[in-house]
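Dear colleague,

I am handing over the structure that you will find just below, and after it I set out what was found. Please read the notes with the structure open beside them.

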Amino acid sequence: MSLSDLLENPRVWRGSSQVSARTGLASGFPKLDRCLPGGGWPLEALTEILIGQYGIGELRLLMPGLAELSTEKIPGKYGDYSEHAEPGCIAWIDPPFQPYAPALQQSGIDLSRMLIVRPKDNSELLWSAEQALSSGTCAAVLLWPDKLDDQGSRRLQLAAEKGHSWAVAFRPLSARQQPSAASLRLELQPTGKGTRVHILKSRGGRPTVLDSLL
């Protein structure tokens, strides 16, 4: 049998024709996207956002990407989209506040895809995040752990890869010196002109400071 005959066989899967070459999720901030190797948030990976206080723009930074994920259908095993495919859920694991639905909806997020989990302690939080990430039904999982060691970050990274999901962990500034398996680590600092975004670690990229991004 010739190669051309083999390729015409319907039982042969030709990956290049079905799997997207997309490697990054556009953040909605071109200045940031230009600094990220995949042209946006790393998919199937763990992103860490280090902050000293809540409400300095950390959620606004994520809104465009989350809005896209909440309406984008999840592909099947081989990258195909069936007529019954639905967008994945956006899971919020132990947020320190009650997400404000009108603001999320105004940002373009489909509220029907929202899932809020309230674990009883940090170990249950990490277990819940790992299960949500690896399930294949969550497009993104946001979590606010009290602590996250190197082993825990590796488990989240592997779970994100397994479930084709995007993990985002919000951590305090004190975590900056701690090792992490995250593909991307950002530090947010408020300034007089807005919020500065410092890319501490970017797999395939390099550290960068973006002033007044938000």
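A residue is called buried when its relative accessible area is under 20%, exposed when that area is over 50%, and partly exposed in between, with a 1.4 Å probe and only protein chains considered. Helices (H or I, at least four residues) and strands (E, at least two) are DSSP runs, numbered from the N terminus. With those terms in hand, strand β9 (residues 194-202) is mostly covered, since seven of its nine residues are buried.

Please keep in mind that this is a predicted model, in which local features need pLDDT of at least 70 and side-chain atom pairs count only at pLDDT 80 or more, while totals for chains, interfaces and linings use all residues. Residues are numbered from 1 along each chain as its sequence is written, and side-chain values use heavy atoms, with hydrogens and water left out.

The chain as a whole

The protein chain has six helices and 10 strands, and of its 214 residues 44% are buried. If contact is taken as heavy atoms within 4.5 Å, then among the contacts with a separation of 6 or more, 61% are between residues 24 or more positions apart. The chain exposes about 11,500 Å², of which carbon and sulfur atoms supply 51%; accessible areas come from the Shrake-Rupley method with a 1.4 Å probe, and for residues only the protein chains shown count as cover.

Strand β9 and its partners

Two strands are said to pair if DSSP finds at least two bridges between them. Strand β8 (residues 184-191) pairs with β9 in the antiparallel sense over eight bridges, and R185 stands opposite K201 in β9. These two strands, β8 and β9, form a hairpin with two residues between them. On to strand β10 (residues 208-210), which runs antiparallel to β9 and is joined to it by three bridges; here the bridge partner of I199 is T208 in β10. The hairpin of β9 and β10 has five residues between the strands, and G204 in the turn has a positive phi of about 90°.

H198 lies in β9 and counts as buried because its relative accessibility is 18%. Leaving aside residues up to four places away in sequence, H198 touches R176, R185, L186, E187, T208 and V209.

Strand β4 (residues 89-93) and strand β5 (residues 114-117) run parallel and are joined by four bridges, with W92 opposite I116 in β5. Together with helix α4 (residues 101-106), β4 and β5 make a right-handed β-α-β unit; a crossover is right-handed if, with the strands pointing away from the viewer, the path from the first strand over the helix to the second runs clockwise.

Helix α5 (residues 122-134) has 13 residues and reaches 18 Å from its first C-alpha to its last, close to the 18 Å expected at 1.5 Å a residue, where the expected span is 1.5 Å times one less than the number of residues. The buried residues of α5 are N122, L125, S128, A129, E130, A132, L133 and S134, and what covers them includes β4, β5, β6 (138-143), α6 (150-163) and β7 (166-172). After α5 comes G136, whose phi is positive, near 85°.

Salt bridges

Side chains of opposite charge can pair when their charged atoms come close. Here a salt bridge is a side-chain nitrogen of Lys or Arg within 4 Å of a carboxyl oxygen of Asp or Glu, and by this rule the count comes to seven.

Which residue forms a salt bridge with E48 at 3.3 Å between the closest N and O atoms? The partner of E48 is R171, and this pair links distant parts of the chain, with R171 in strand β7 and E48 in strand β3 (residues 46-51), 123 residues apart. Both R171 and E48 are buried, and a network of salt bridges links E48, R171 and R185.

A salt bridge also forms between D94 and R118, whose closest N and O atoms are 3.8 Å apart. This pair too links distant parts of the chain, as D94 is in the loop between β4 and α4 and R118 is in the loop between β5 and α5, 24 residues apart. D94 counts as partly exposed because its relative accessibility is 26%, and R118 counts as partly exposed because its relative accessibility is 44%.

With kind regards
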